[in-house]
Each structure stands twice: as C-alpha cells, then as structure tokens.
Amino acid sequence: MDKKLEEIVKSLQTDFDGKVEEFRDEAHVFVHPEQIVEVITSLRDKHKFELLSALTAVDYWPQGSISPKIPASSPKGDEEQGQEARFHVIYQLTSLSKNLSIQIRVPIAAIKPTIASVSAVFASANWREREIWDMFGIHVDGHPDLRRILMPADWEGHPLRKDYPLGYEEPQFTFNIDEIDLRKPYAKE
Amino acid sequence: MTEFLEVSVDDLKDLVSDRALEGETMMLNLGPQHPATHGVLRLLLELDGETVVNCIPDIGFLHTGIEKNMEAKTYQKAEVMTDRLDYLNTVGNNLAFCMAVEKLVDLDVPLRAQALRVILTELQRIASHLVWIGTHALDLAAMSMFMYAFREREYILDILEIVSGQRMMTTYIRPGGVWRDVPVEFETAVRDFIKMFPKRIDEYEALLTKNPIILDRLLGIGVLSKETALSYGITGPMLRASGVDWDLRKQRPYMGYEQYDFEVPVRTEGDNYARYLVRVQEMRESLKIVEQALNKMPLGPVRSDNRKFVPPPRSELGTSMEALIHHFKLWTDGFDAPKGSIYSAVESPRGELGVYLEGDGGPKPYRIHMRTPSFEIVGVLSEMAKGHLVADLIAIIGSIDFVLGDIDR
C-alpha cells in the first residue's frame with residue numbers, strides 16, 4: 001500500500017474504528033452503517049478525496065459475507081444482532097490532488113436493508129443511490145428523490161439481488177400478466 | 001389486469017417548482033423518440049415560455065441488465081457484453097474489462113499487445129469524438145459536418161475490421177493480450193490514416209471553430225463550474241474543459257502510456273465552446289499517441305503464455321496434447337479467479353470508465369459493476385440546463401456527449 005494512503009487509512013481507523021483489508025494494492029476500509037455520512041464527509045474535507053468514483057453494492061445471499069457480523073450494539077437491537085451482513089455498499093473515492101484511491105465498504109443486514117444517503121456530500125450519489133435502491137432494494141434514508149431509475153416505475157423485485165432469477169421465465173404480455181404472475185415465486189418483496 | 005402506473009406532476013412535485021403545480025409553467029416531454037437527444041433519453045422539461053426552469057432526465061429505456069447477465073457467464077463470455085455498453089467506444093470497454101480481469105487474476109500483458117491496445121483505443125477515441133463532432137454540428141444545423149466526420153470514422157472502422165473482422169463489436173482485446181497478431185495491412189492502413197487525418201481536423205476547424213453561428217450557440221452556454229463538475233462525479237473531457245487537469249492516461253498510466261509524449265488539453269471556461277476545443281485538441285493528441293505507438297511497437301508475442309488463463313496458439317493444438325487440454329478446459333469451463341474484489345479504471349472518450357469486479361474463486365464474476373461516465377454526465381444535465389432556452393438545451397446535450405447504452409447498461 002502507498003505510504004500516503006496508509007496514513008489516511010490509519011487516521012480513519014483511529015477516528016472510526018474500521019477494519020482494513022488489502023487486495024492487489026487496494027485498501028478496503030469497513031465502516032459501520034451509522035458512520036457512513038461522517039466517514040465520506042471527512043474523506044472529502046479532511047483527506048481531499050474530491051471525487052466519488054463509484055457507488056455500488058454487492059449481494060452475498062445466501063451465505064452471508066466474509067465480513068464481521070453486525071455488532072451487538074446495533075440500534076435495531078435484537079432483530080439483527082449477530083446476523084450475517086447480506087449486502088455490502090461500496091464507495092470508491094478518488095483524490096485528484098494526491099492521486100490516491102480508497103474503497104469504503106459498509107456491511108448491511110438482510111432485514112430491512114437501509115443506508116444513509118450521502119447525496120448531500122457528493123451530488124453524484126443521488127443517482128447512484130437510486131440505482132442501488134432500484135437494483136438491490138437497499139432503502140436510502142434521507143434521499144431527496146428515491147424513485148426507480150433504470151427499471152420501470154411499476155417493476156416488482158430488485159434484479160441484481162442474487163435470489164432474483166436470471167431468465168428462463170415465461171414472457172409476459174399485457175393479456176397474460178396476471179396469469180403468469182401467479183406462477184412466479186419471486187418478485188414479491 | 002395489472003394497473004400500469006402513470007407518472008403525473010404530483011409524483012415529481014419535489015423536483016418541479018410550485019408554479020408547475022398551479023399550471024403557470026408548462027411541462028413538456030423531450031424524447032424519448034427525439035433525434036436530438038442522441039438515443040432514447042427522455043427529458044421532462046418545465047418551461048416558462050421558452051426558458052427551461054427544471055429539467056428532469058428519465059433514463060433506463062435501454063436497460064438490458066448487462067451486469068446481471070455477466071454474473072451468469074464465464075469471464076471470456078462476459079467480455080462480449082462489454083462491447084454493447086458504450087457502442088462508440090467498444091475497444092475501450094474491452095480494455096477496461098480485460099484490465100480488471102488481469103488485475104484480479106494477476107496476469108501480465110506482453111509489450112506488443114500493450115502497444116496494440118493503445119493504438120486501437122486511441123483510434124477508437126478519435127472515432128468516438130468524430131461521432132460527437134458530427135452529431136453536435138448536426139444539432140447546430142451544420143449538416144455537411146456530419147458527413148465529413150462519418151467519412152473519416154469509416155477509415156477507423158475499416159482498421160478495426162482488418163484486425164478483428166468486426167467493424168464495431170470487436171472483442172479483439174482479450175484477458176492477457178489480444179486475440180491474434182495484426183495482419184500485414186494494418187500498419188499501412190494506420191499510417192495512411194495518420195497522414196490523412198491532421199488535414200481533415202484542420203478542415204473541421206476551418207468550418208466550425210471561428211464560425212459565427214457556432215460561436216453564438218456555444219460561447220458561454222452550459223457553463224459547468226469546477227466544483228459542480230467534481231461534486232457530480234464528472235470526468236473526462238468535460239472535467240478538463242472546466243479546468244481540472246485530470247486524465248487517467250497521464251495520472252495513472254496503464255498499458256505503457258507513460259512512454260508516449262502527449263498533452264492533456266485543459267480549458268477553464270467550462271462552457272460548450274471549451275468542451276468543443278478540448279475534444280478537437282484531444283483528437284490531435286490521440287493521433288500523436290497512435291503514431292508513437294506504431295513507431296515503437298516491439299515485436300514478440302501478443303498473448304501472455306500463462307496457459308491457465310490464456311488459450312494456447314492455434315498452431316500448437318495439432319501437435320501438443322497439453323495445449324489441446326488447456327484450450328478445451330478454457331473454453332468449456334473458463335478459468336478460476338481468486339476470491340477478492342478490485343476496482344480498475346481507464347480513460348474512455350467520455351471519462352473514467354471503471355470496473356468493479358469481484359471474484360468468488362470460480363470461473364464467473366460474482367459481481368461486476370461498470371462505472372460508466374455517461375451516467376454521471378446526464379446526472380448533471382438538470383443542473384446545466386436551468387435558465388437556458390430549449391434551443392440551447394439541444395446544444396448542451398450535443399456538447400456533453402453521452403451514449404445511452406453506456407448510461408442504462
């Protein structure tokens with residue numbers, strides 16, 4: 001890992017107590033969902049990461065992720081205590097002035113997945129968070145305009161989830177939508 | 001019967017001004033079947049007379065689920081889908097994907113393959129900018145410019161056909177190198193292009209750069225400040241036209257870009273005209289890179305000899321049993337990538353084309369996310385359109401240069 005990046009990661013760890021993984025010279029910092037707005041703000045203002053390059057998510061259904069379990073101090077209490085994180089929300093930030101990249105990963109539980117919006121920090125997050133909601137069904141708290149972005153507004157289900165089937169379905173036409181819907185096991189949230 | 005949703009102004013009331021709800025301003029659909037929106041982009045406009053009060057882009061008409069589909073295919077087969085993202089930058093998409101795979105499995109690329117990749121992506125950059133300059137001028141009513149630009153683009157598509165057999169969806173760049181070495185006609189074809197093209201750019205500039213109609217439509221229109229651009233995640237020529245010197249080819253050289261001598265054009269005005277100048281200059285710089293890469297192109301293999309990831313050459317299949325086994329295993333099972341995730345990015349004609357790739361130890365990507373630059377570019381459109389005339393909005397749409405296949409994926 002680059003020396004400058006190492007300092008930033010260390011300072012992040014002291015401020016937010018994040019676990020760090022290294023793979024192919026990339027730093028992946030795990031943070032708790034409650035801290036995400038703070039972390040992104042401090043990265044932008046304190047560490048000069050001016051660009052939010054990518055914002056996406058991964059679904060680890062059904063085995064759960066390799067990441068730490070949701071800690072017992074979770075505000076949602078017993079409901080999700082000790083539960084494996086199903087999703088990771090990923091923030092890839094780039095510093096133009098220092099020429100560095102860092103990845104922030106936020107593990108999220110399977111029941112009522114929610115993350116706070118960072119669209120007030122980076123305007124580009126607005127659409128990317130809509131994409132996450134659309135594709136993964138991760139609800140974004142405090143988002144100014146949380147509508148579907150790529151799928152039609154009346155679409156059911158979230159296509160990039162791993163339990164959403166890929167193809168091999170009966171094609172639906174206007175005259176038989178209801179008939180085929182009855183035979184579909186998925187697409188009911 | 002399932003009810004189909006109809007979106008009314010009430011659903012968008014947070015995005016339009018109060019005057020729209022009272023009916024004082026007019027809501028107007030621009031697109032999705034409007035030629036000036038360069039694809040199937042729908043813009044919901046709130047108009048006060050002819051002035052745009054609010055502009056709400058509606059995307060997704062070209063959504064084909066490429067990311068989901070790739071999860072069901074081996075790495076080699078998934079690559080074919082990357083061509084379909086940004087159909088004006090197919091070689092660049094292949095490069096972005098292959099670099100991500102190579103980073104994930106830790107694979108080296110021979111020098112000759114690197115040079116070939118550079119030549120082809122830079123030619124593709126010129127072709128993409130040619131489509132931009134043609135359609136942009138067409139939007140501003142300069143019809144003949146479109147014909148000229150497409151005439152030159154045809155040369156580049158011919159070169160792509162020489163090397164890969166395909167004009168657009170080449171899939172010529174493969175993980176670990178390129179498909180095969182270039183045929184002998186390649187060098188003459190590229191040299192002819194290098195000789196011919198500078199004069200053609202001069203012709204375009206003579207037609208457009210000082211043209212009073214063009215100046216009227218471009219100067220001071222659609223100004224994008226540096227801060228807004230960064231906050232909206234804008235990269236590429238648009239960011240450079242707003243005064244930020246950031247080009248991944250210079251800042252984080254890949255494929256040996258560090259050995260080529262080229263300038264990164266930067267303007268500070270941030271308006272349509274600055275974006276025009278930056279892209280025209282970029283075509284000249286790309287041509288410089290192509291020429292240097294062609295002169296320096298080393299001899300040698302064009303594919304890595306790591307047989308676990310790269311199929312053996314065709315000539316070995318008849319004589320070597322191991323080669324045949326490798327070939328068979330690679331094309332039936334694919335190769336296994338380690339568990340882990342990487343993010344790798346290249347500079348596409350529209351900006352940072354990033355690939356988030358996660359492997360799970362098997363032959364298929366567990367998750368792949370294409371961070372496509374056009375998505376961010378259309379995201380900022382609502383900000384840029386405010387306060388301009390509808391006619392200027394068309395000029396802005398032409399000037400920001402997006403590809404709908406790139407946005408919707």
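Visitor: What are the ground rules for numbering and for what counts?
Guide: Residues are numbered from 1 along each chain as its sequence is written, and chains are lettered from A, ligands numbered from 1, in the order in which they are written. This is a predicted model, where local features need pLDDT of at least 70, side-chain atom pairs count only at pLDDT 80 or more, and totals for chains, interfaces and linings use all residues; side-chain values use heavy atoms, with hydrogens and water left out.

Visitor: What is the mean pLDDT of chain B?
Guide: The mean is 88, and 97% of the residues of chain B reach 70 or more. pLDDT is the predictor's confidence in each residue, from 0 to 100.

Visitor: And what ipTM and pTM does the complex get?
Guide: The predictor gives an ipTM of 0.86 and a pTM of 0.88.

Visitor: How many salt bridges over all chains?
Guide: There are 38. A salt bridge here is a side-chain nitrogen of Lys or Arg within 4 Å of a carboxyl oxygen of Asp or Glu.

Visitor: What about B:R367 and B:E67?
Guide: Their side chains form a salt bridge at 3.2 Å, N to O. B:R367 is in strand β8 (residues 365–371) of chain B and B:E67 in helix α2 (residues 66–70) of chain B, so the pair ties together parts 300 residues apart in sequence. Helices (H or I, at least four residues) and strands (E, at least two) are DSSP runs, numbered from the N terminus.

Visitor: Is that pair buried or exposed?
Guide: B:R367 is buried at 2% relative accessible area, and B:E67 is buried at 5%. Buried means under 20%, exposed over 50%, partly exposed in between (1.4 Å probe, protein chains only).

Visitor: Changing topic: what is the strand order in the open sheet?
Guide: The order is β6-β7-β8 in chain B, with antiparallel pairing. β6 (339–348) and β8 of chain B are at the edges with a single partner strand each, so one side of each has no neighbour in the sheet.

Visitor: How many bridges between β6(B) and β7?
Guide: Ten, in the antiparallel sense, with β7 of chain B covering residues 351–360. Two strands pair if DSSP finds at least two bridges between them.
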